[in-house]
Amino acid sequence: SSAVGSDSSSSSGALGGGGLFCFAGGVGESIWCWDLRGGAAKPLYELSTGNTIVNALAWHERSGSLFAAVE
């Protein structure tokens with residue numbers, strides 16, 4: 001699986017507030033997002049990618065967008 005994190009400066013527009021977030025994906029055909037603030041991982045949401053495997057994720061800071069490379 002692949003993961004990308006963001007700090008409060010890059011995540012505020014996309015996730016509605018400052019914090020530390022982790023995105024992950026893999027053979028489970030989903031992308032997951034966790035809130036890591038305060039040292040506890042709290043799942044925020046899961047996005048189904050259909051029948052595709054997530055090979056890589058990339059965060060575009062300026063647009064607050066997450067891009068996924070899938071197969």
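Reply: Let us begin with a definition: two strands pair if DSSP finds at least two bridges between them, and strands themselves are DSSP runs (E, at least two residues), just as helices are runs of H or I with at least four residues, all numbered from the N terminus. In this model, Gly25 stands opposite Ile31 in E3. The model is a predicted one, in which local features need pLDDT of at least 70 and side-chain atom pairs count only at pLDDT 80 or more, while totals for chains, interfaces and linings use all residues. Residues are numbered from 1 along each chain as its sequence is written, and side-chain values use heavy atoms, with hydrogens and water left out.

Me: What makes E2 and E3 a pair of strands?

Reply: Five bridges join E2 to strand E3 (residues 30-35), and the definition asks for at least two, so the two strands count as paired. They run antiparallel and form a hairpin with four residues between them.

Me: Which elements does the whole protein have, and in what order do they run?

Reply: The protein has one helix and six strands, and from the N terminus on they run β-α-β-β-β-β-β.

Me: Why is E2 described as largely enclosed by the rest of the structure?

Reply: Buried means under 20% relative accessible area, exposed means over 50%, and partly exposed lies in between (1.4 Å probe, protein chains only). Five of the five residues of E2 are buried, so the strand is largely enclosed by the rest of the structure. Both faces are covered, with Phe21, Phe23 and Gly25 buried on one side and Cys22 and Ala24 buried on the other. In general, side chains in a regular strand alternate between the two faces of the sheet. Across the protein, buried residues make up 30% of the 71 residues.

Me: Why are the rings of Phe23 and Trp59 called stacked?

Reply: Rings of Phe, Tyr and Trp (its six-membered ring) pair if their centres lie within 6.5 Å, and planes under 30 degrees apart count as stacked, over 60 as edge-to-face and the rest as tilted. By this rule the count comes to one aromatic pair. The ring centres of Phe23 and Trp59 are 5.5 Å apart and their planes are at 20°, so the pair is stacked. This pair links distant parts of the chain, since Phe23 is in strand E2 (residues 21-25) and Trp59 in strand E5 (residues 54-60), 36 residues apart. Both Phe23 and Trp59 are buried.

Me: What makes Asn51 an exposed residue, and which residues is Asn51 in contact with?

Reply: Asn51 has 67% relative accessibility, which is over 50%, so Asn51 counts as exposed. Asn51 lies in the loop between strand E4 (42-48) and E5. Contact means heavy atoms within 4.5 Å, and, leaving aside neighbours within four places in sequence, Asn51 is in contact with Glu29 and Glu71.

Me: How do you know that Leu47 is partly exposed?

Reply: Leu47, in strand E4, has a relative accessible area of 47%, which falls between the cut-offs, so Leu47 is partly exposed.
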